Protein chains: 2
Amino acid sequence: MPAAPWTEGEFVERLRTEGQRRYHDQHPFHELMHEGGLRREQLQAWTLNRFYYQTRIPIKDAIILAKTEDARFRRIWIERVRDHDGREEDGADGGLELWLRLAEAVGLARAEVASLERVLPGVRFACDAYVTLCRESPLVVAVASSLTEMFAPDLMSKRIAAWERHYPWVGSEALAYFRGRVPRARRDGEFGLAFVVEHARSRELQTACVAALVKKAQILWHLVDSVALATGGPTAVVPGALHAP
Amino acid sequence: MPAAPWTEGEFVERLRTEGQRRYHDQHPFHELMHEGGLRREQLQAWTLNRFYYQTRIPIKDAIILAKTEDARFRRIWIERVRDHDGREEDGADGGLELWLRLAEAVGLARAEVASLERVLPGVRFACDAYVTLCRESPLVVAVASSLTEMFAPDLMSKRIAAWERHYPWVGSEALAYFRGRVPRARRDGEFGLAFVVEHARSRELQTACVAALVKKAQILWHLVDSVALATGGPTAVVPGALHAP
């Protein structure tokens, strides 16, 4: 007999716990970033490599859009794609454009970042795993993988304060992407959580949702870990990994 | 006007050069393995994590099988799947079974290895990238990604000698998988190379084949690098990576 589904409260608690304990805000490279301890080249490497992640977001969100017949869901979810790609009527300054400006502000050449040529292999594998996860999962599981957004607003707020204080040479205006993410991640995280709770009704689906969120947290962690390793920063095994003996 | 295709000689030279310079035999963790410098737990971690790669092989080869209408190609290629899964008439001792025996010989619990539960996230991302690469590429490009086999026989021979000499406690019989791979990798590498040369006739396809081989070499490298990082072994950025500034 299949296990009974978790109650809504149990399910939400499990998503929060398993996601939060692996969230990359606890990675020592991020901690060092927030303490002002990163060298300029480390900040550059992080910005360049993280841009690859940013470019995967509208792709995975388009994959999610294509998974449903529900126009109402699509009308809401499509805003995520537009957040990153920009909206024609606003002069098209989306998240990708803002990130490229951030890259320039940390001293990178825009074209080099946009080319994606210098992205570390480990970063590429991790970010591509996110796209594959969304492609191969049912809708509700793909949505669950986005729920790291529940933890993003706090990290963004901390990052903005830390950059303004410790890396003033970047310039406050360049942090526009982070600022925009605070309310958006909150809005998206709430919508995503409500959707997942409503649609993952069997224990099997609930378990798959938790597993997808865990994998997504590992992806974010691996991105930072790869940047840290390549730039002489502190690395760490992702919390909760049942790693090799 | 599209660039003219490389001649057969130029193309093969490029595949060999770009593959060889990134091949994981040069990873410092492998070098340490061959010098006898790995601790037992490091050998165990390598064996456990590499098993995840082994389990991806029949899957990616089945994906390749499904890409062609050519029954002759499939008759030859299917032997790769059978090499790993075993053949009913031979008592089903394929490469996966031999690897599990190797795992036992290095002191791991068979069930734990087979469960794949302790595989490092970075190893999983890299190996899954191999499956995705094969899934999303045209046949000839997917075949090209297998051409690291051109370099495998030398590495296998070196590994067998090194393990017999430096890790005699593992037992010579447990190295059966490596021994079987020497002639098979040679056979498979030659077939693959001939196929790629015959079917990649445009510069565009040739370039895609080289890129697939490069990516595959990065995947193998990242696997070893992740194991090294998690076990306090030596890590290194993959040669030729245009990594972050």
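Student: What does Cys209(B) touch in this model?

Tutor: The model is predicted. In it, Cys209(B) touches Leu15(B), Val140(B), Val141(B), Ala144(B), Val196(B) and Ala200(B). Residues up to four places away in sequence are left out of that list. A contact here means C-beta atoms within 7 Å.

Student: Which residues have the most contacts inside the largest nonpolar core?

Tutor: They are Cys209(A), Val227(A), Cys209(B) and Val227(B). That core has 124 residues.

Student: How do you know that helix 11 of chain A is largely enclosed?

Tutor: Count its buried residues. A residue is buried if 20 or more other C-beta atoms lie within 10 Å of its own. In helix 11 of chain A, 22 of the 28 residues pass, so the rest of the structure largely encloses that helix.

Student: What span should helix 11 of chain A have, and what span does it have?

Tutor: Take 1.5 Å a residue. The helix covers residues 203–230, and its 28 residues should span 40 Å. The end C-alpha atoms are 40 Å apart, which agrees. After the helix comes Gly232(A), with a positive phi near 70°.

Student: Why is Glu117(B) called exposed?

Tutor: The cut-off for exposed is 12 or fewer C-beta neighbours. Glu117(B) has 10 inside 10 Å, so it counts as exposed. It sits in the loop between helix 6 (110–115) and helix 7 of chain B. Its C-alpha is 9.7 Å from that of Tyr52(B), 65 residues apart along the chain.

Student: Why is Leu116(A) called partly exposed?

Tutor: Partly exposed falls between the exposed limit of 12 and the buried limit of 20. Leu116(A) has 13 C-beta neighbours inside 10 Å, so it counts as partly exposed. This residue lies in the loop between helix 6 (110–115) and helix 7 (121–136) of chain A.

Student: What is phi of Leu116(B) near?

Tutor: It is near 65°, a positive value in a residue other than glycine. Leu116(B) is in the loop between helix 6 and helix 7 of chain B. With 13 C-beta neighbours inside 10 Å, Leu116(B) counts as partly exposed.

Student: What makes the relation between the chains a two-fold axis?

Tutor: Look at the rotation and the shift. A rotation of 180° with 0.0 Å of shift along its axis superposes chain B on chain A, with an RMSD of 0.0 Å. That is the relation of a two-fold axis. In chain B, the C-alpha nearest the axis belongs to Phe125(B), 2.7 Å from it.

Student: How do you know that the copies meet through the same surface?

Tutor: Compare the two sides. Of the interface residues of chain B, 100% are also interface residues in chain A, so the surface is the same. The contact involves 30 residues of chain B and 30 residues of chain A. On the chain B side, helix 7 gives the most, with seven residues. That side divides into 17 nonpolar, nine polar and four charged residues.

Student: How do you know that the radius of gyration of chain A agrees with a compact globule?

Tutor: Set the two values side by side. A compact globule with 245 residues would have a radius of gyration near 18 Å, and chain A has 18 Å, so they agree. Chain A has eleven helices and zero strands. Buried residues make up 42% of its 245 residues.

Methods:
Residues are numbered from 1 along each chain as its sequence is written. Chains are lettered from A and ligands numbered from 1 in the order in which they are written. This is a predicted model: local features need pLDDT of at least 70, side-chain atom pairs count only at pLDDT 80 or more; totals for chains, interfaces and linings use all residues. Copies are superposed by least squares on the C-alpha atoms of residues with pLDDT of at least 70 in both. Two residues are in contact if their C-beta atoms, placed from the backbone, lie within 7 Å. Helices (H or I, at least four residues) and strands (E, at least two) are DSSP runs, numbered from the N terminus. The expected span of a helix is 1.5 Å times one less than its number of residues. Ala, Val, Leu, Ile, Met, Phe, Trp, Tyr, Cys and Pro count as nonpolar, Asp, Glu, Lys and Arg as charged, and the others, Gly among them, as polar. The radius of gyration is taken over C-alpha atoms; the globule rule is 2.2 Å times the number of residues to the power 0.38. A nonpolar core is a set of buried Ala, Val, Leu, Ile, Met, Phe, Trp, Tyr and Cys residues joined through C-beta atoms within 7 Å.
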